[in-house]
Amino acid sequence: MIELSRRPRRNRKSAGVRDLVQETNLQVSDFIFPMFVVDGTRQKSEVKSMPGIYRYSLDNLLEELKEVTDLGIKAIDLFPNYPESKKDRFASESYHEDTFYLKAITAVKEQFPKLVIMTDVAMDPYSSDGHDGLVENGKILNDATLEILANMSLAQAKAGADILGPSDMMDGRVGFIRRHLDAHGFTDVSIMSYSAKYASAFYGPFRDALESAPKFGDKKTYQMNPANKREALLEAQLDFEEGADMLMVKPALSYLDIIRLLDENFDIPIAAYNVSGEYAMVKAAAQNGWLDGERAMMEVLTSIRRAGAKCILTYFAKEAALLLNKR
């Protein structure tokens with residue numbers, strides 16, 4: 001027999017031993033479940049490019065949330081789907097008191113007071129241009145957008161949101177929103193900033209779900225270049241200094257190094273968004289029998305957690321919770 005002082009396989013020899021030495025653990029409480037809400041009643045329509053994910057009217061959303069919360073999921077991120085008739089270039093509908101999205105936030109908080117409600121702060125779901133900022137002569141105006149985002153944020157806070165997610169990537173928006181919230185007494189509302197949000201090819205199914213694709217051009221003048229790493233540190237540092245409570249990396253899988261980079265450099269929680277295209281890839285491959293969907297799902301989520309994400313926004317939240325609850 002070969003004399004070896006170290007045999008790492010001894011720590012892999014049985015399921016019990018493997019569990020004892022496992023370095024990264026997933027919990028249901030790590031997940032934030034992105035969900036889509038539409039106006040009306042008795043509506044539940046599947047997003048074709050995201051099998052198993054639906055757009056719900058409020059009545060059906062509240063029914064679905066009973067199942068979601070029973071699984072132990074403690075947080076959702078709620079996104080609105082608006083018809084074109086409600087959109088304008090100023091995203092005015094986003095802060096109208098009687099708009100269905102704000103009413104949905106209030107209704108969810110009333111029925112599920114312990115559920116953490118995260119919201120999205122960006123113009124694209126409400127914009128006739130489909131961009132995250134105000135458009136003028138084909139250009140995205142940074143500073144003029146901030147006032148709109150602040151009004152949107154305040155309206156969401158008043159409706160009952162616990163965490164605001166500025167996803168627009170305008171310069172200075174975290175500080176502007178923080179000051180606006182504090183000036184109106186909403187000092188307890190958190191900001192999870194999309195600090196390193198890349199101009200990615202993996203957003204397509206999400207834009208299908210919200211019907212919010214840009215009407216012209218792309219988002220490369222405000223979302224980050226996928227080739228850049230150090231730039232993520234700059235964006236995160238600015239958001240940190242402006243008062244962000246958590247920093248997010250989006251997407252997750254192609255940016256695990258960025259998650260690790262932020263986790264190593266900031267002493268506040270790092271989140272990651274396991275985006276729609278990443279979800280759709282696994283689903284499509286599993287439906288074609290090309291891989292084991294459940295194993296791939298858990299491997300993906302574990303890799304994001306291992307990279308340093310404290311919480312994960314993922315469309316796999318329900319399926320993963322079912323598996324984790326069986327263990």
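Salt bridges, which I take here as a side-chain nitrogen of Lys or Arg within 4 Å of a carboxyl oxygen of Asp or Glu, number 16 in this structure. Please keep in mind that this is a predicted model, in which local features need pLDDT of at least 70 and side-chain atom pairs count only at pLDDT 80 or more, while totals for chains, interfaces and linings use all residues. Residues are numbered from 1 along each chain as its sequence is written, and side-chain values use heavy atoms, with hydrogens and water left out.

Let me begin with Asp30 and Arg305, whose side chains form a salt bridge at 3.4 Å, N to O. This pair connects distant parts of the chain, 275 residues apart, since Asp30 sits in the loop between α1 (15-21) and β1 (31-38) and Arg305 belongs to helix α10 (residues 293-307); helices (H or I, at least four residues) and strands (E, at least two) are DSSP runs, numbered from the N terminus. Asp30 has a relative accessible area of 0% and is buried, where buried means under 20% relative accessible area, exposed over 50%, and partly exposed in between, with a 1.4 Å probe and protein chains only.

Next comes the salt bridge between the side chains of Lys109 and Asp162, at 2.7 Å, N to O. Lys109 lies in helix α3 (residues 100-111) and Asp162 in the loop between α4 (142-159) and β8 (163-166), so this pair ties together parts that are 53 residues apart in sequence. Lys109 counts as buried at 18% relative accessibility, whereas Asp162, at 26%, counts as partly exposed.

Through salt bridges that share partners, Asp124, Asp132, Lys197 and Lys219 are joined into one network.

Which residues does Ser200 touch, once those up to four places away in sequence are set aside? Ser200, in the loop between β9 and α6 (204-210), touches Gln223 and Pro251, contact meaning heavy atoms within 4.5 Å. Ser200 is buried, with a relative accessible area of 13%, and its side chain reaches the backbone nitrogen of Phe202 at 2.9 Å.

Notes:
A polar contact is a pair of N or O atoms within 3.5 Å; within protein, one must be able to donate a hydrogen and the other to accept it, and residues adjacent in sequence count only if both atoms are side-chain atoms.
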